[in-house]
Amino acid sequence: MPGLGLILRGSTSSIVTLLVGLFVFLSIRDQIVVFSNDGLSGVSARTLPYLITSAIILLSLLKIVSNAIGNLKGETDSLEDGPKEATSYLRVLLAFSAIALWIIILPYLGYEISTMMLVASVMIIIGNCRWWQIVTLSLILSIPVKHLLANVFRVYLPSGSVFG
Amino acid sequence: MLENILYAISVVFLWQNIVLILLGTAIGMVFGALPGLTVTLAVTLVLPFTFDLSPESGIVLLTGVYCAGTYAGSISAILINTPGTPSSVATAWDGFPLTRKGRSFEALSVALHASVLGGLISAVALIFFAPMLAKAALAFGPTERFALTFFGLTIISRVSGNSLTKGLISALFGLLIATVGVDPIMGVPRFSFNTFYLYGGVGMIEVFIGIFAVAEIFNQIGKRAVAGVLSKDDSRRKIIRWNAIVPHYWTVIKSSVIGIVIGVIPGTGGSIASFIAYDEAKRSSKEPDNFGKGSLEGIAASESANNGVTAATLIPTLTLGIPGNTVAAIFLGALLIHGLTPGPQLFENQGGLMYTIMISFILANVAMYIQGRFALKSFDKIINIPPGILLPIILTMCLIGAYTISNSLNSVIVALVFGCVGYAMIKFEYPTAPMVIAIILGGMVEESMRQSLILSDGSAMIFLTRPIPLVFFILTVFVTFFPVVIQQWRKWRKTAVTRNLKSFRENSKDSE
Amino acid sequence: MYEKLMIASIATAATIAAVSMASSQANFPNKPITVIVPYGAGGGTDTTGRFLAKEAEKHLSQPIAVINRSGASGTVGTAEAAAAAPDGYTLYFGASDALITTPHSLKVPYSVDDFRGIVGVSYAPSSIAVRTDSPWETLEDLLAEKDTDTVIDRGHSGVGGVHHTLLKTLFLETGIKFRDIPFQGGSKAIAALRGGHVDLIGGTPGAMLASVDAGETRILALSSPEPLDAFPGVPTFKEKGLDIVATVEWYLLAPNDTPDEVVAILEEAFLKAASSDEFKAFTVTRKQESLVRNGEEIMAKLRSDSEFFGEIINK
């Protein structure tokens with residue numbers, strides 16, 4: 001009996017879509033409260049979400065099954081679920097964390113400081129930059145931008161609760 | 001009528017109004033090109049300044065912003081794969097691959113010419129066909145709107161690239177995202193997960209910023225060999241030749257007409273027009289496989305259509321007092337503040353003003369062309385900036401843009417979440433075009449379908465018994481299945497010929 | 001040497017902080033004021049709010065920026081306004097729906113008590129309208145459809161709003177059969193009426209202006225307490241024996257905890273703006289009725305309206 005790993009190889013994305021579809025399907029009852037249907041049509045606010053999620057679940061299952069059959073036959077589907085070139089997921093994760101951190105500290109430290117930190121970290125992650133480029137760009141993107149937005153466009157970015 | 005036209009020309013060409021047009025188009029271009037700032041926002045911000053101007057000057061200013069803003073969405077769509085306005089989504093499909101190949105200048109050039117031509121044709125339609133088209137627009141009720149938007153949805157099958165299943169799943173998730181928010185018919189919240197922010201639904205712009213810009217930034221960061229420029233720019237072609245657009249003249253005309261027709265229907269919007277025009281251009285093109293990989297024709301179709309919408313949305317606004325889209329509603333508001341009430345009597349009583357609006361559209365497109373030519377040369381240099389500097393700038397702009405949408409971090413969080421989703425889609429090769437189409441059209445499709453079913457007491461026959469939906473239904477079936485049928489027929493013919501040839505040879509061998 | 005520098009900078013910083021804190025209380029306003037409109041730009045409420053702001057700027061020393069926060073029938077903007085800092089720099093200009101009717105059908109994180117009034121500027125009745133080629137010439141013709149098999153397709157601008165509620169009450173009391181078609185926004189409903197897709201709509205008469213003047217639409221009745229000069233010949237529900245009286249109010253509010261001195265300054269400026277000839281002329285063009293109320297009066301009206309609609313909706 002071939003291992004589960006072999007059968008499911010290449011189906012990562014379809015498993016994810018299946019699970020998400022299932023989760024949303026199950027949460028429809030809770031999330032959408034209906035009192036009545038639309039007139040005499042029998043359609044309600046839940047109809048379309050049920051249809052959509054059912055279709056997602058079916059298609060995901062279809063893909064998993066056809067993938068499994070292909071795997072059992074020994075075909076290798078090189079297009080499915082695989083990065084071709086070398087990708088540094090670590091850098092992507094770092095970039096994501098930098099943005100997430102920006103979102104978290106923005107209300108406290110204000111736009112200028114948070115953005116300075118974000119720009120500097122992103123530039124370090126990408127690499128290939130001189131230190132003076134990092135400093136200059138961080139300063140330009142934080143302080144003048146905030147004032148430009150406030151005075152010309154009347155768009156106010158937060159100044160941070162720490163500073164009152 | 002002639003004296004009205006002469007009056008209009010004399011007013012529009014006053015030096016103050018010329019200055020206003022140039023100012024308006026400049027503002028529009030800036031807002032349209034920056035992701036997160038849309039043309040609607042630009043028009044909203046400019047509106048208060050029109051109160052102190054004369055009605056004609058106010059209109060002139062708003063027109064400049066509107067036309068240029070719609071065009072400028074193509075700039076960021078082409079250069080950084082993030083449409084500056086929803087109506088430029090289809091432009092990114094071919095624009096960004098061209099940037100990757102170093103041909104961004106060509107793409108930008110075609111986009112400019114196509115937009116200007118689309119806008120001019122639209123202005124002509126406004127001048128000559130306004131009342132007629134307006135009457136026709138009223139015939140579009142819920143059933144007709146469903147037929148139109150459903151047809152738009154089926155384009156998904158043609159932009160899914162290699163894997164139809166992946167495209168469908170992508171689209172289904174887009175539809176699901178479109179259902180988040182308050183239900184249009186029953187008024188109950190859906191999928192709000194107890195956060196009040198999601199009552200208003202997941203905003204389109206922050207989703208685009210996430211799926212396109214943030215995801216692409218992640219993508220670039222992830223590539224190990226992040227050295228040098230994003231693409232080598234072909235610096236020879238620095239002159240914008242107007243005859244670059246000539247080979248595509250028929251596409252431009254067709255797409256502009258599609259834009260006009262859809263623009264006239266209230267509540268539809270530039271995106272549907274650009275999708276349908278793109279789809280039609282691909283269908284009738286001699287090189288359909290180029291679409292999605294860098295077809296200038298595709299860019300021409302998308303941009304002529306979305307600028308074709310501009311003047312057309314004013315047709316129902318001015319003749320019926322029913323705004324064609326959000327920007328038209330703002331135009332309406334501007335007129336109301338000056339004490340003018342749109343409608344047929346407006347044409348009779350204020351004919352001069354009406355023709356002023358029409359002439360200013362023409363002037364706005366000309367101003368846009370002039371400024372565009374100057375601007376393109378510098379825009380194009382943007383991609384020469386090393387990614388280490390360019391990416392942080394784009395990222396910051398996107399985060400600010402997302403923030404201004406809701407004046408809070410909520411929309412930034414949405415952008416980041418969709419950035420991850422978009423990145424996953426890139427890595428697992430799920431096409432983003434279907435999801436985006438579904439998000440844009442999903443709400444309209446569901447709302448019009450349910451309205452129609454209420455009217456018909458649940459009978460689906462209503463979609464086949466009325467003339468316009470029937471036409472669209474037949475069109476949908478035709479366009480979806482016709483290419484498949486042709487393909488099969490060609491295959492069959494080939495095998496039949498080969499078979500005949502074989503048996504002929506065998507026969508002639510036997511007879512020897 | 002360094003200690004002196006340190007002390008000097010701390011002292012300066014403290015002074016600046018103290019002065020800026022004090023100045024934000026004293027001589028209000030000393031920076032621009034923001035007014036949140038919970039609907040899209042260009043709409044009826046938005047244009048009214050912008051016109052009012054333009055008038056009020058003449059009486060305040062600072063500019064007034066109107067921003068739109070639309071979504072979910074106006075609840076998104078209203079929630080943001082309710083949660084804003086009560087310092088008088090963020091105000092709210094709305095029409096009845098989001099505060100009075102919608103909270104009874106949607107769970108929203110605010111209520112009328114989260115606000116205090118600055119001014120009420122105008123109101124408009126709700127109305128029902130049909131096409132000029134429809135078989136109903138007067139309200140009586142429509143009421144005669146009771147107990148017949150005619151099913152009327154009625155359209156309106158949104159579930160849970162003032163117009164929808166009034167339509168529900170009307171059809172419920174008279175027993176006429178109907179199909180209910182909600183639209184996203186009044187202009188789509190008007191378009192549907194004129195295109196022949198629905199038979200009757202409920203909405204503010206001002207929005208139907210263009211269609212009436214074009215001779216395409218006919219207003220059958222108003223829901224105001226008395227007949228209005230702006231609509232000669234159109235009866236009210238009340239005078240025809242139906243107890244359907246409700247109006248859409250336009251008002252400017254501030255968060256509840258805004259200090260009294262600040263509110264007094266705002267009230268004075270905006271009362272002048274709303275009573276000005278320019279603004280009154282504007283309301284005429286929009287077919288609104290000018291009725292200027294001060295802060296307390298408008299809050300009283302809003303509270304009673306909220307109760308009134310609460311009863312109807314929860315019946």
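Start at Glu429(B), which lies in the loop between helix H17 (410-427) and helix H18 (432-455) of chain B. Helices here are DSSP runs of H or I with at least four residues, strands are runs of E with at least two, and both are numbered from the N terminus. The model is predicted: local features need pLDDT of at least 70, side-chain atom pairs count only at pLDDT 80 or more, and totals for chains, interfaces and linings use all residues. Residues are numbered from 1 along each chain as its sequence is written, while chains are lettered from A and ligands numbered from 1 in the order in which they are written.

**Two residues with positive phi**

Stay on Glu429(B): its phi is positive, about 60 degrees, although it is not a glycine. Most residues other than glycine have a negative phi. Is Glu429(B) buried or partly exposed? Glu429(B) counts as partly exposed because it has 17 C-beta neighbours inside 10 Å. The cut-offs are 20 or more other C-beta atoms within 10 Å for buried, 12 or fewer for exposed, and in between for partly exposed, with C-beta atoms placed from the backbone.

Next select Phe191(B), in the loop between strand S2 (189-190) and H9 of chain B. Phe191(B) also is not a glycine and has a positive phi, of about 55 degrees. Phe191(B) has 20 C-beta neighbours inside 10 Å, so it counts as buried.

**The cores**

Now select Val43(B), Ile78(B), Leu126(B), Cys398(B), Ile437(B) and Ala438(B), which touch the most other members of the largest nonpolar core, a set of 287 residues. A nonpolar core is a set of buried Ala, Val, Leu, Ile, Met, Phe, Trp, Tyr and Cys residues joined through C-beta atoms within 7 Å. Helix H6 (residues 104-138) of chain B gives this core its largest share, 19 residues. A second, separate core has six residues, including Ala45(A) and Ile185(B).

Zoom in on Ile437(B). Apart from neighbours within four places in sequence, its contacts are Leu153(B), Ile155(B), Ile156(B), Ala171(B), Gly174(B) and Phe275(B). Two residues are in contact if their C-beta atoms, placed from the backbone, lie within 7 Å.

**Chain A**

Colour chain A by secondary structure: there are five helices and zero strands. Of its 164 residues, 32% are buried. Then mark domain 1 (4-73) and domain 2 (89-163) of chain A, with bounds from an automatic or database domain assignment. The C-alpha centres of these two domains lie 39 Å apart.

**Where chain A meets chain B**

Show both chains. This contact takes 54 residues from chain A and 48 residues from chain B. Which helix supplies the largest share of the side of chain A? H4(A) does, with 15 residues. By class, that side has 36 nonpolar, 13 polar and five charged residues. Ala, Val, Leu, Ile, Met, Phe, Trp, Tyr, Cys and Pro count as nonpolar, Asp, Glu, Lys and Arg as charged, and the others, Gly among them, as polar.

Select H4(A) with helix H9 (residues 204-222) of chain B: they pack at an angle of about 130 degrees, with axes 6 Å apart. Axes are lines fitted to C-alpha atoms, for helices over the stretch in contact, and angles run from 0 to 180 degrees between N-to-C directions. The angle therefore makes H4(A) oblique to H9(B); under 35 degrees counts as roughly parallel, over 145 as roughly antiparallel, 65 to 115 as roughly perpendicular and the rest as oblique.
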